[in-house]
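Please find below a colleague's note on the structure shown here. The points are numbered and may be read alongside the sequence.

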Amino acid sequence: FDGSGKRGVFSVGLNGVKQDDVPKVKEAIFKTLEEVRAKGFDKIKVDGILHQLELSLKHKTAHFGMSIMQRLKPGWFNGVDPFDALAWQKTVDAFKANYAQGGYLESLLEKYLLNDNTLTFTMEPSTSYGQEL
């Protein structure tokens, strides 16, 4: 997932998939997402990831200021107010409140990933690349 732009992008990259198997791969991805939605997310894992995120946002290093700028830059260039992006604790607290109500992550799966608003992009190698080069 890349959330640095105005719209987040979730991507899956695979190597060695035959063109005929691309629909099967897409089906497998959607099936996996549907299973996760039905089963739910492991609270211990979510709490662990959230703890790591909080530590990384608050960890001060010699390059702390530059790190903040690097985090802010993509969103800022895409219309996100940098002061909103700096309100990490507010964002984390809002997530915790929504997550505590139950079904929050599953609803996000439903809203953003379990739709067919997707782009399937494939590339095939050129058999004559070496000669052309």
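1. Segment before helix 1. The model under discussion is a predicted one. Phe10 has its place in the segment before helix 1. With a relative accessibility of 41%, Phe10 counts as partly exposed, since that class lies between the limits of 20% and 50%. Phe10 also belongs to a nonpolar surface patch of about 510 Å², to which Phe1, Val12, Leu14 and Val17 contribute as well.

2. The buried side of helix 6. Which residues of helix 6 are buried? In this helix, which covers residues 104–113, they are Leu105, Glu106 and Leu109. When helix 6 is viewed down its axis, these buried residues fall within an arc of 105°, and therefore they line one face of the helix.

3. The surroundings of helix 6. The buried residues of helix 6 pack against helix 1 (22–39), helix 2 (43–58) and helix 5 (88–100). Lys111 and Tyr112, by contrast, are exposed residues on the face of helix 6 that is turned away from its buried side. The student may wish to locate both faces of helix 6 in the picture, with Leu105 among the residues of the buried side and Lys111 among those of the face turned away.

4. Aromatic pairs. How many aromatic pairs does a search of the whole structure find? There are two. In one of them, Phe95 and Tyr99 are stacked, with 5.7 Å from centre to centre and 10° between the planes. Phe95 and Tyr99 are four residues apart in helix 5, which means that about one helical turn separates them. Tyr99 counts as buried because its relative accessibility is 17%, and the limit for that class is under 20%.

5. The aromatic cluster. Phe95 also pairs with Tyr104, and this pair is edge-to-face: the centres are 5.7 Å apart and the planes are at 70°. Tyr104 has a relative accessibility of 23% and therefore counts as partly exposed. Through these ring pairs, Phe95, Tyr99 and Tyr104 are linked into a cluster.

6. One of the salt bridges joins the side chains of Asp21 and Lys24, at 3.4 Å from N to O. Are these two partners buried or exposed? Asp21, at 25% relative accessibility, counts as partly exposed, whereas Lys24 is exposed, with a relative accessible area of 57%.

7. The side chains of Arg37 and Glu110 meet in a salt bridge of 2.1 Å, N to O. Arg37 lies in helix 1 and Glu110 in helix 6, so this pair ties together parts that are 73 residues apart in sequence. Both partners are classed as partly exposed: Arg37 has a relative accessible area of 30%, and Glu110 has one of 39%.

8. Lys43 and Asp47 form a salt bridge in which the closest N and O atoms are 2.8 Å apart. The two residues are four places apart in helix 2, and therefore about one helical turn separates them. Asp47 is partly exposed, its relative accessible area being 33%.

9. Gly75. Where does Gly75 have its place? Gly75 is in helix 3, which covers residues 64–77. Gly75 is buried, with a relative accessible area of 13%. If neighbours within four places in sequence are left aside, Gly75 is in contact with Ser4 and Val80. Between Gly75 and Phe121 there are 46 residues of separation in sequence and 25 Å in space, C-alpha to C-alpha.

10. Trp88. Trp88 is found in helix 5. Not counting residues up to four places away in sequence, Trp88 touches Leu57, Ile68 and Arg71. Trp88 and Thr127 are 39 residues apart along the chain, and their C-alpha atoms are separated by 50 Å.

Conventions
Residues numbered from 1 in each chain as written. Predicted model: local features only at pLDDT ≥ 70, side-chain atom pairs only at ≥ 80, totals over all residues. Heavy atoms only, no water. Buried < 20%, exposed > 50% of the residue type's maximum accessible area, 1.4 Å probe, protein only. Arc of directions from axis to C-beta. Contact = heavy atoms within 4.5 Å. Patch = residues over 30% accessible without salt bridge, like charges linked within 9 Å, V, L, I, M, F, W, Y side chains within 5 Å. Areas by Shrake-Rupley, 256 points an atom, 1.4 Å probe, with all protein chains shown as cover. Salt bridge = Lys/Arg side-chain N within 4 Å of Asp/Glu carboxyl O. Phe/Tyr/Trp six-rings, centres within 6.5 Å; stacked < 30°, edge-to-face > 60°.
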